[in-house]
Amino acid sequence: MNTASRTRRSTLFALMLAGLCITGAQAQGNFPDKPVKIIVPFAPGAGTDAMGRLMAQKLGEVMGGSFVVENRTGASGAIGTQYVAQQPADGYTLLLVASPFTTVAASLPTAGYDPIKSFTPVGMIASGPLVWATTPQTGIASMQDLVVKAKARPGALNYGSAGAGGVNHLVLELLKARTGTFITHIPYRGVAPATMDMISGQLHLVTGTIPALLPMIKEGRVKPLAVTSAKRSSAMPDVPSMTEAGFKGFDVQNFFALAAPAGTPAAVIEKLNTALNKVVALPEVQARFKLDAVDAMPGTPAAQTRFIEADYQAWRDVVRSQNLKIE
């Protein structure tokens with residue numbers, strides 16, 4: 001091949017490469033020009049599903065595109081989470097992240113994803129505490145009283161969670177690790193059936209979201225002991241925080257965020273993050289957050305990375321310290 005031919009081929013290749021780059025940039029600039037799926041890894045009707053549908057509606061309004069929710073359930077959220085990790089990194093498949101994103105990865109060897117390496121963060125949405133709850137019939141007066149009773153009769157008290165490896169389970173393991181107590185864990189398929197069994201006298205303790213338990217608390221069937229966070233919740237101003245209950249440094253919150261498959265272009269992530277922060281600031285969204293007893297958490301993808309890394313490491317420490325074996 002002579003020099004002139006090589007030059008022509010090099011020039012043609014450079015033009016083709018430039019064309020691909022321009023096309024890619026235009027595609028990112030027009031994002032979204034087709035429907036974006038938000039995968040909710042839990043069943044329709046759950047709190048996580050409601051948050052996903054709220055975000056889909058409002059992101060569509062803010063970005064002028066179509067955002068749709070698709071539920072992919074199973075394995076405490078791991079099935080849907082694995083699915084998103086395996087999708088093209090183009091921003092058109094997102095994951096509605098909630099607390100099991102880190103707790104399941106920390107506790108379940110077969111989770112099938114890495115919460116840090118498998119995803120590119122889009123941004124945080126909101127967070128709020130769970131509430132420790134019992135019934136008046138147990139005679140447990142406070143969190144400190146709970147610990148005293150648990151130490152006096154190891155294993156006699158029991159606790160119902162929404163499933164092994166979830167935040168409702170690991171918050172108990174954290175309490176046990178901090179206090180040197182043994183409380184029997186009984187996994188359920190959700191907090192609702194566990195709460196019903198607690199009311200009927202089969203369980204002594206549960207944790208759940210404030211909206212889920214508040215109606216029964218108001219009826220007097222359920223007694224709140226403390227919220228799981230370091231500060232009180234404005235939704236339950238008369239219920240002490242864990243710090244006030246005597247557990248300094250104990251701060252567990254149920255959180256929501258959005259994430260994309262690892263490698264999603266920075267330009268797409270920036271557009272999504274900007275829109276997400278606008279959504280979180282909308283008055284109607286703020287009003288919905290108040291009803292759900294969560295606080296807005298606008299911020300950057302980098303802030304989400306720091307949050308997820310810290311949360312994941314904290315739960316891994318609990319799993320190791322308690323020698324948990326979850327299959």
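How much space lies in the second largest pocket? About 420 Å³. Of the 23 residues lining this pocket, those closest to its centre are Ser 233, Ser 234, Ala 235, Ala 293 and Asp 295. Two or more lining residues come from each of β4, α8, α10 (283–291) and β10 (295–296), and α10 gives the most, with 4. The lining divides into 11 nonpolar, 7 polar and 5 charged residues.

Before going on, a word on the ground rules. The model is predicted, so local features need pLDDT of at least 70 and side-chain atom pairs count only at pLDDT 80 or more, while totals for chains, interfaces and linings use all residues. Residues are numbered from 1 along each chain as its sequence is written, and side-chain values use heavy atoms, with hydrogens and water left out. A pocket is an open set of points on a 1 Å grid over the protein atoms alone, where a 1.4 Å probe fits, with protein on both sides within 12 Å along at least five of seven lines; lining residues have an atom within 4 Å of a point. Helices (H or I, at least four residues) and strands (E, at least two) are DSSP runs numbered from the N terminus.

Now turn to the largest pocket, which holds about 1,200 Å³ of space. Its lining counts 45 residues, and Ala 46, Gly 47, Thr 48, Ala 162 and Val 191 are the closest to its centre. Several elements supply at least two lining residues each, among them α2 (47–63), β4 (119–134), α7 (191–199) and β9 (253–261). Helix α8 gives the most, with 5 residues. By class, this lining has 26 nonpolar, 16 polar and 3 charged residues.

What about the packed interior?

Finally, look at helix α3 (residues 78–85), which is mostly covered, with 6 of its 8 residues buried. Gly 80, Gln 82 and Tyr 83 are among them. The buried residues of α3 pack against β1 (36–40), β2 (67–71), β3 (93–98), α4 (100–107), β4 and β9, where contact means heavy atoms within 4.5 Å.

Methods. Grid points are joined across faces, edges and corners, and a volume is the space filled by probe spheres set on the points. Ala, Val, Leu, Ile, Met, Phe, Trp, Tyr, Cys and Pro count as nonpolar, Asp, Glu, Lys and Arg as charged, and the others, Gly among them, as polar. Buried means under 20% relative accessible area, exposed over 50%, partly exposed in between (1.4 Å probe, protein chains only).
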